Amino acid sequence: MLAACAQAWRFLQDTVGQGLVEVGVLGTHVATQLAVENGLQPAWRIPLPCGNLRLAESALSRVFDASSPKVVVAWGTRAAQLVSRCAHDTPVVVVLDAACESKSVLHAELAEVLCLGDSLADAASALGWLPIRIRAVSPTMPAWKQIPSIDRNSLRRQWGATDQDCVIGVLPLSVGCGDALFAFHAMGRFSYAGHGAHLVLDPNLGNANAVRSIARKLDLNDRVHFESSIVCPWKLSAGVDLWLSLRDPIHDQTALHHSCAAALGAPILAQSGSFAAAAIEHQVDGLVAGAGVNAYAFEMIHAATHPAMMADMALAARVRYASQSVRDRFALAVQEGISRVCPEALIVPDELNRIPAELKFSAAST
């Protein structure tokens with residue numbers, strides 16, 4: 001999400017001029033660090049204690065009082081909810097990477113909505129967002145060459161993985177969501193079929209402690225690795241052969257996982273019915289499994305026995321989600337959303353003085 005935000009930010013900077021597009025971060029200092037690593041330059045940060053939006057309202061209100069933005073681009077559901085409470089009269093463009101009900105955002109009927117994928121756009125329409133204001137766009141990730149990562153051999157030595165082993169990474173979900181046991185059991189079936197495997201997990205994934213306990217009892221600690229740095233998947237991407245996208249049964253937030261895996265250079269395996277799977281062409285730019293551990297294990301085994309197909313899928317996915325044309329189209333969609341809710345926001349200040357007064361009034365009242 002941050003990579004897509006950074007692309008749009010640079011595009012808008014080029015359009016309206018340096019210093020006129022301000023970036024704010026909602027969350028911890030880690031979120032600010034991630035923003036910086038993605039090329040953003042945050043002007044401010046609003047903490048969200050325990051995820052409580054009300055505690056952050058007064059801080060964001062002070063920011064808006066000081067800067068008086070013409071238009072706000074809210075990245076994600078929480079940002080849209082908070083902005084709608086603090087900037088009642090400010091036009092908003094919402095970029096959704098997960099389904100949410102429109103009633104959770106004040107004046108949602110006036111917001112332009114960019115949904116990362118057709119499936120998510122359909123879900124947003126069903127959840128009350130106005131179809132005439134919804135636009136589906138392809139998620140975009142940075143170019144492969146722009147992603148910093150540790151050397152592949154160094155990572156695999158750290159995990160004790162040989163060239164013949166398959167390293168399986170689990171793309172991070174929300175803290176406490178997902179099911180580490182599901183991934184662990186899928187790896188177990190994969191190993192039972194005769195394939196060497198290593199599993200890389202976020203220590204905050206749901207049921208992570210249960211996996212630790214089982215791995216210790218089965219003497220598999222050298223095969224299961226908990227890496228807190230997986231919250232920045234690009235830091236581990238060089239050592240991973242296949243990414244798993246686990247569907248969260250409560251709130252599916254996997255809309256970006258396919259594009260994330262594409263940019264990271266390894267194929268993704270997603271569960272059918274998820275937002276990630278909806279954007280994947282099976283065995284072309286990713287893998288789609290049915291419900292259940294056995295279905296995941298079957299696709300993992302098939303992928304491991306067809307290395308040429310794995311390489312072709314990684315290449316096809318990068319072309320689809322990490323090419324320059326895709327990033328440009330995404331940034332253009334953001335700009336067009338802004339121009340619809342607030343046309344004057346994209347007018348360079350020097351040009352504003354040369355526009356007839358009647359046109360200014362017309363733009364402001366659109």
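User: What classes of residue make up the lining of the largest cavity?
Analyst: The lining of the largest cavity has eight nonpolar, one polar and one charged residues. Keep in mind that this is a predicted model.

User: How much space lies in that largest cavity?
Analyst: About 30 Å³.

User: And how many cavities of 30 Å³ or more does the structure hold?
Analyst: One.

User: Which lining residues lie nearest the centre of the largest cavity?
Analyst: A262, A266, P267, D285 and A317. They belong to a lining of 10 residues.

User: Which elements give two or more residues to that lining?
Analyst: Two helices do. They are α9 (257–264) and α12 (307–322).

User: New topic: helices. At what angle do α7 and α11 pack?
Analyst: About 50°. Their axes are 8 Å apart. Helix α7 covers residues 180–192, and helix α11 covers residues 293–304.

User: Why call them oblique?
Analyst: Angles from 65 to 115 degrees count as roughly perpendicular, and those under 35 as roughly parallel. The angle here is about 50°, so α7 and α11 are oblique to each other.

User: Is the crossing left-handed or right-handed?
Analyst: Right-handed, as α7 passes α11.

User: Which residues meet between α7 and α11?
Analyst: From α7, they are F182, H185, A186, M187, R189 and F190. From α11, they are V293, N294, Y296, A297, M300, I301 and A304. By class, this contact has 10 nonpolar, two polar and one charged residues.

User: How do the axes of α7 and α8 cross?
Analyst: They cross at roughly 35° and come within 8 Å. Helix α8 spans residues 208–217.

User: Which residues make that contact?
Analyst: A180, L181 and F184 come from α7. Helix α8 brings A208, A210, V211, I214 and A215.

User: How many of those are nonpolar, polar or charged?
Analyst: The contact of α7 with α8 has eight nonpolar residues, no polar ones and no charged ones.

Note on methods. Residues are numbered from 1 along each chain as its sequence is written. This is a predicted model: local features need pLDDT of at least 70, side-chain atom pairs count only at pLDDT 80 or more; totals for chains, interfaces and linings use all residues. Side-chain values use heavy atoms; hydrogens and water are left out. Axes are lines fitted to C-alpha atoms, for helices over the stretch in contact, and angles run from 0 to 180 degrees between N-to-C directions. Helices (H or I, at least four residues) and strands (E, at least two) are DSSP runs, numbered from the N terminus. Angles under 35 degrees count as roughly parallel, over 145 as roughly antiparallel, 65 to 115 as roughly perpendicular and the rest as oblique. A crossing is left-handed if the near helix is turned anticlockwise from the far one by less than a right angle, and right-handed if clockwise. Contact means heavy atoms within 4.5 Å. Ala, Val, Leu, Ile, Met, Phe, Trp, Tyr, Cys and Pro count as nonpolar, Asp, Glu, Lys and Arg as charged, and the others, Gly among them, as polar. On a 1 Å grid over the protein atoms alone, a cavity is a set of points where a 1.4 Å probe fits but cannot get out, and a pocket is an open set with protein on both sides within 12 Å along at least five of seven lines; lining residues have an atom within 4 Å of a point. Grid points are joined across faces, edges and corners, and a volume is the space filled by probe spheres set on the points.
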